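Trainee: I have the sequence and the model open. Please walk me through them, starting wherever you like.

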Amino acid sequence: MTAQPSEYHRRVAAQKRTSIIEAATKLFLDSGYNGTSLARIAEAAGVSTATLFKQFTTKAALFEAIVTEYWKVDDEETPLPEPGDLRAGLETVGRRYVALLTQPGMAALFRIVIAEVPRFPELGETQFKLGKMPYFESVRRYLEAENAAGTARLDDAETAATQFLGMISNYVFWPRMLLARWEPDDAAINDAVDQAVLTMLARYGAHGARGA
């Protein structure tokens with residue numbers, strides 16, 4: 001019978017995984033995906049190559065873990081809003097999206113993909129399928145739920161989700177790709193979310209519904 005790892009060992013393994021992901025993100029950004037070996041990542045993370053290979057058998061698997069980690073949302077801590085109040089729901093979704101986009105390392109992850117995708121198109125596919133799309137789908141499902149509840153009037157929830165997230169990311173995130181000092185303050189970011197919410201309410205809010 002195989003012994004189950006103790007809480008201590010699980011915690012150590014999680015810490016090593018975090019160290020590996022952080023080291024890999026930095027090295028991929030500094031030296032490029034192709035120019036970074038797993039052995040070099042292990043050295044930078046302060047772990048043995050055996051420990052690294054135990055968690056990530058290939059560099060592609062490690063990159064997938066990086067993408068999944070950065071786009072991870074704890075559904076228990078931050079569940080999707082219940083339908084019924086479109087304004088409050090959109091505010092929650094918008095601020096959660098801001099938190100994802102502005103977390104340390106997210107801009108670096110996008111820079112890695114943009115720089116390497118001509119040679120490694122699979123990196124772009126990984127970022128899209130494992131990162132952006134699962135989050136996008138959660139927003140689309142939320143908008144469909146509001147539509148079903150009668151608080152929104154949607155012909156196409158996919159288009160509405162694209163518009164809402166785009167209004168936020170075009171101010172909060174994408175300028176960071178070109179402007180090293182793009183750091184809008186909290187008030188400006190909150191205003192960007194509020195304006196996006198008002199635009200969505202004007203376009204999709206059901207008249208007389210709560211929050212519209």
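**Notes on the model**

Mentor: Start in helix α7 (residues 121-149), where Arg 140 and Glu 137 are three residues apart, so about one helical turn separates them. Helices here are DSSP runs of H or I with at least four residues, strands are runs of E with at least two, and both are numbered from the N terminus. Residue numbers count from 1 along each chain as its sequence is written, and side-chain values use heavy atoms, with hydrogens and water left out. The model is predicted, so local features need pLDDT of at least 70 and side-chain atom pairs count only at pLDDT 80 or more, while totals for chains, interfaces and linings use all residues.

Trainee: What do the side chains of Arg 140 and Glu 137 do?

Mentor: They form a salt bridge, with N and O 2.6 Å apart. The term means a side-chain nitrogen of Lys or Arg within 4 Å of a carboxyl oxygen of Asp or Glu. Side chains of opposite charge can pair when their charged atoms come close.

Trainee: Which residues are linked in that network of salt bridges?

Mentor: Glu 137, Arg 140 and Glu 144.

Trainee: Is Arg 140 buried or exposed?

Mentor: Buried, at 17% relative accessibility. Buried means under 20% relative accessible area, exposed means over 50%, and partly exposed is in between, with a 1.4 Å probe and protein chains only. Glu 137 is partly exposed at 24%.

Trainee: What is Arg 140 in contact with, leaving aside neighbours within four places in sequence?

Mentor: Ala 157, Glu 158 and Ala 161. Contact means heavy atoms within 4.5 Å. Ala 157 and Ala 161 are themselves among the buried residues of α8.

Trainee: Then α8. How far apart are its end C-alpha atoms?

Mentor: They are 22 Å apart, and α8 (residues 157-172) has 16 residues that should span 22 Å at 1.5 Å a residue, so the two agree. The expected span is 1.5 Å times one less than the number of residues.

Trainee: What covers the buried residues of α8?

Mentor: The cover includes α5 (86-101), α7 and α9 (186-204). Phe 164, Leu 165, Ile 168 and Val 172 are among the residues covered.

Trainee: Back to α7. What about Pro 134?

Mentor: Pro 134 lies in that helix too, and at 40% relative accessibility it counts as partly exposed. Not counting residues up to four places away in sequence, Pro 134 touches Phe 128 and Lys 129. Its C-alpha is 31 Å from that of Val 47, which is 87 residues away along the chain.

Trainee: Other end of the chain now. How many residues has α1?

Mentor: It has 25, and its first and last C-alpha atoms are 36 Å apart, close to the 36 Å expected. Ile 20, Ile 21, Leu 27 and Phe 28 are among its buried residues. Their cover includes α2 (38-45), α3 (49-55), α4 (59-70) and α6 (106-116). After α1 comes Gly 32, with a positive phi near 85°.

Trainee: Which residue forms a salt bridge with Asp 30?

Mentor: Lys 26, with the closest N and O atoms 2.7 Å apart. Both are in α1 (residues 7-31), four residues apart, or about one turn. Lys 26 is exposed, at 53%.

Trainee: And what about Lys 72?

Mentor: Lys 72 pairs with Glu 69 in a salt bridge, closest N to O 3.3 Å. Lys 72 is exposed at 52%, and Glu 69 is partly exposed at 34%.

Trainee: How many salt bridges are there in the whole structure?

Mentor: Eight. The protein has 23 positive and 27 negative side chains, and the centres of the two sets lie 5 Å apart. Lys and Arg count as positive, Asp and Glu as negative, and His and the chain ends are not counted. Each charge is placed at NZ of Lys, CZ of Arg, CG of Asp or CD of Glu.

Trainee: Last topic, the overall picture. How many helices and strands are there?

Mentor: Nine helices and zero strands. The C-alpha trace spans about 60 × 50 × 30 Å along its principal axes, and 42% of the 212 residues count as buried. Of the contacts between residues at least 6 apart in sequence, 71% join residues at least 24 apart.
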